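Subject: Structure handover

Hello,

Here is the structure you asked for. My notes follow below it.

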Amino acid sequence: NKSWSIRNPSALPWSTEFKLIRVRNDSGAMSQVESVAITRAVAPSELYEVTVPMRAPSQPGTYENYWRLIDNEGKKFGPV
């Protein structure tokens with residue numbers, strides 16, 4: 001599993017309709033899911049920990065996945 005602590009920097013809360021989605025998976029080897037839902041409302045300035053299930057690749061090397069947050073309308077936001 002890989003976990004990130006993310007902060008809601010906006011003035012509006014995040015709802016349970018928000019998700020962390022995989023936007024790029026260079027190798028297809030690590031991520032077991034396409035998205036992870038935010039499981040509770042996240043208030044402005046609050047930290048939230050999100051965890052993505054992953055598996056170790058069978059071959060040595062460098063592997064990268066890229067993830068973004070999307071809002072309840074499916075719009076991506078946050079750092080690229």
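For charges, Lys and Arg count as positive and Asp and Glu as negative, while His and the chain ends are not counted. A charge is placed at NZ of Lys, CZ of Arg, CG of Asp or CD of Glu. On that basis the chain carries 10 positive and 8 negative side chains, and the centres of the two sets are 3 Å apart.

Please note that this is a predicted model: local features need pLDDT of at least 70, side-chain atom pairs count only at pLDDT 80 or more, and totals for chains, interfaces and linings use all residues. Residues are numbered from 1 along each chain as its sequence is written, and side-chain values use heavy atoms, with hydrogens and water left out.

Overall picture

Along the principal axes, the C-alpha atoms fill a box of roughly 45 × 20 × 20 Å. Of the 80 residues, 28% count as buried, that is, under 20% relative accessible area; exposed is over 50% and partly exposed lies in between (1.4 Å probe, protein chains only). Among contacts (heavy atoms within 4.5 Å) with a separation of 6 or more, 64% are between residues 24 or more positions apart.

Sheet

Four strands form an open sheet in the order E3-E2-E5-E6, with antiparallel pairing. Two strands pair if DSSP finds at least two bridges between them. E5 (residues 65-70) joins E6 in the antiparallel sense over two bridges, and Leu-69 stands opposite Phe-77 in E6.

Core

A nonpolar core is a set of buried Ala, Val, Leu, Ile, Met, Phe, Trp, Tyr and Cys residues joined through side-chain atoms within 4.5 Å. The largest one has twelve residues, including Trp-14, Val-42, Tyr-48, Trp-67 and Leu-69. E4 (47-52) and E5 each supply at least two of its residues, and E4 gives the most, with three. Leaving aside neighbours within four places in sequence, Val-42 is in contact with Asn-8, Pro-13, Trp-14 and Tyr-48.

Thr-39

Thr-39 sits in the loop between E3 and E4. Why does Thr-39 count as exposed? Because its relative accessible area is 63%. Not counting residues up to four places away in sequence, Thr-39 touches Thr-16 and Tyr-48.

Regards
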